[in-house]
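User: Please walk me through some local features of this model, with the cut-offs behind each term.

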Amino acid sequence: MSIARADREVVLWGVGHTNAHVLRMWRMRPIPGARLTCVSNTSVATYSGMLPGVLAGQDPPERMEIDLVRLCASAGARLIQAEVCGLDRHARELQFEDRPPLPFDALSIGIGSVPAMDGLEAGHDHVIAIKPMTSFLDRLERKIAGAGSSIEGRPLRLAVVGGGAGGVEIAFTVEGFANRVLRGRPVAISLVHSGDEVAAGSSVRTNRRVHRRLVERGVTLHLGRGVRRWEEGLLTLSGGDPIEADVVIWATGASAPPILTALGLPVDARGFLLTRPTLQIVEDLPIFAVGDSGTSVESPTAKSGVFAVRQGPVLWRNLANVLAGRPLESYRPQRAFLKLLNTGDGRAIGEYRGLSLDGRWCRRLKNFIDGRFMDRYQDYSMMSVGRGMAKAPMPEMRCTGCGGKIGGAVLSRALKRLSPPSGAGVLVGLDSPDDAAVVLPPEGRPLALTVDFFAAPLDDAYLVGRLSALHAASDCFAMNASPRWALAMATLPVASPRSQEQVLYEWLAGSLREFSPMGVSLVGGHTIEGPQFTVGFTLIASADDGPLRVKGGFRAGDHLILTKPLGSGILLAAHARALCRAPWMDALVRSMLASNRDALALLPDFDIRGLTDITGFGLAGHLLEALRASGLDARLDLDAVPLLPGVAELVGQGIESTLAPSNRSAEAAIEATPDQRDSPAFAALFDPQTCGGLLLGAAEEDAPRVLARLAELGVTLCAVIGQLGQSASSSPRIHITERPGQRLAATHPSRISTC
């Protein structure tokens, strides 16, 4: 983890061509004493150069994607997913709507551009703009499918607005995409362009070649006419009759994102940030604007990725230079570059220094160039600092989050040797352990007490604050108690006072975001320095009606309902080795941020007496604790146990938390077949859960209504996973039902315990 260990903050806002180069170089040789933070509103960056091949069906969609979660993890960089709303130039901070500002010592702004909507008087909300590129394919697919469902007896009419290189390539290739969505139904393509020729800026011969090829492919051209509005299936154009269109793709020239003009920095007439040849903005601030986001005062260029790629090495060196106080070097745009347009039929049209090119070899060349570029950013292997590109085995790492807990057997043996007395006023203590202790102060009401802390599982201190608050409060919710007061505990890595202050501020701000809706007051705490960022809370909760003796309250016949899917420990272990894909991380964070407080709304309406939360000891460990307290056995249906996305695949690769082997001591109490033991769901039974869900027991007749009510409360991934019965022995047993579990896709000689 890089939290608080570096004294200087380098921030990349947006991960386009130029900033991506910095991230790649950081993997090999990070700037000493600095931390790299990437700020993006998505967890995946998309390379537009691969879009035509994806539309034509020549490349899979994932070929155009850069997984920022894995790339940042492999580089030791922090990823913050948030929308920037402003910039404080004096404090040198990026500002956000829903989280604390982010200070920087050097900032690179590379958020790209958006399609220009100039002249479009109506219909903005209905056209499919090519940006944001990350969601373009999904938006286009939904629009085509929706329009196609209401069309009979004629082709789908699809219009592309914009005759530059991007619009031309889409006009060439989008028919293949639409055919796949509509399962072979015909599509009629139109290209609308306000200019008199397509692919402007190319030679006359190239323009003619592009024009002729579009006509040969059946694309109807409407040149010299701008679009005014789109409504009721009609595109109203300037200087002529409207044309019919069911779907409109907006691929016009580049326009500045509105946020750039809101930053209070110098901009050009179109709203792009003005820069010096060094890529630094024209004011004396450590801020750079790259790619489409910037316009050089001395040598402005077209908004094209070919220039952004060449800016990367200059930006990388200048970020180090500005931190070290050294002179900055200048970027000199190339005078000529190769243009290649994918025509969607296995060929490409190209141009270099006025020479017009065409053929299948051009398509192969384009595929080679684009593929080589993407290969650099789709390599997520961990790098060894100081060894360049050489791969090196990573040292074994211990898990964080709840995966960093001491094993349950170790804890149990230590307490047995100690035999501490319960003392007066202890209603629930070590002699009958539960999710929280319950005490009765003299002449007072019962209070539930709990303490919870862990090593930060992620680099984002604000997000860690939210998770640590939710995780600690879950113990109170599992006792049907309402947390009221919190005492904070934090170990901060050794760093400058400025860095430690920022980390502590972000962590507490995240904690208060979750505590405030609960009515929890932060009343004190303690901080020290140490080797690892470790945080948590002591919570005091009111239990005015007396807490449920929830672990001992399960009854024979109860259906077991799990309110969250399993697998957070496995995914966090994978993330530490840059193996957790962006969609998996997105799902994991959503699950961890879902408060267990919502599920407590069930208690007044249903006869639920058994309740516990699933945390460090895994589902098997916490279920066995409840079975011992209740004197019951359980039957589990592995096929019904919900898993987070990616968990089954990672189990197949042998990934597990370092606490899982200790948790697997519960396996002795589980009766299962060899096939069932090879199931990913079986492995997940021992996975430590950070911000895991609740396990509750509901009467058989209530179970369907409980699930329906949970869904109404937004708890949508809950499931009935088993049933309780009378125990046939003095030791509780978990019986896996006879339905065969899913076998692993591959057999691995050993498991990779890593965090």
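Analyst: Buried means under 20% relative accessible area, exposed means over 50%, and partly exposed is what lies in between, with a 1.4 Å probe and protein chains only. This is a predicted model, in which local features need pLDDT of at least 70 and side-chain atom pairs count only at pLDDT 80 or more, while totals for chains, interfaces and linings use all residues. Residues are numbered from 1 along each chain as its sequence is written, and side-chain values use heavy atoms, with hydrogens and water left out.

User: Does Arg92 count as buried, partly exposed or exposed?

Analyst: Arg92 lies in the loop between E6 and E7, where helices (H or I, at least four residues) and strands (E, at least two) are DSSP runs numbered from the N terminus. Its phi is near 55°, a positive value in a residue other than glycine. Because its relative accessibility is 34%, Arg92 counts as partly exposed.

User: Which residue of E21 stands opposite Ile109?

Analyst: Strand E9 (residues 106-109) points Ala106 and Ser108 one way and Leu107 and Ile109 the other way, and all are buried. In a regular strand the side chains alternate between the two faces of the sheet. E9 pairs in the parallel sense with strand E1 (residues 8-13) over 4 bridges, and also in the parallel sense with strand E21 (residues 287-289) over 3 bridges. Val10 stands opposite Ala106, whereas the residue of E21 opposite Ile109 is Ala289.

User: How far from a polar side-chain atom of Gln689 does the backbone nitrogen of Ser568 lie?

Analyst: Gln689 lies in the loop between helix H19 (680-684) and strand E37 (694-698), and it counts as buried because its relative accessibility is 1%. A polar contact is a pair of N or O atoms within 3.5 Å; within protein, one must be able to donate a hydrogen and the other to accept it, and residues adjacent in sequence count only if both atoms are side-chain atoms. From the polar side-chain atom of Gln689 to the backbone nitrogen of Ser568, the distance is 3.4 Å.

Conventions: Pairing = 2+ DSSP bridges.
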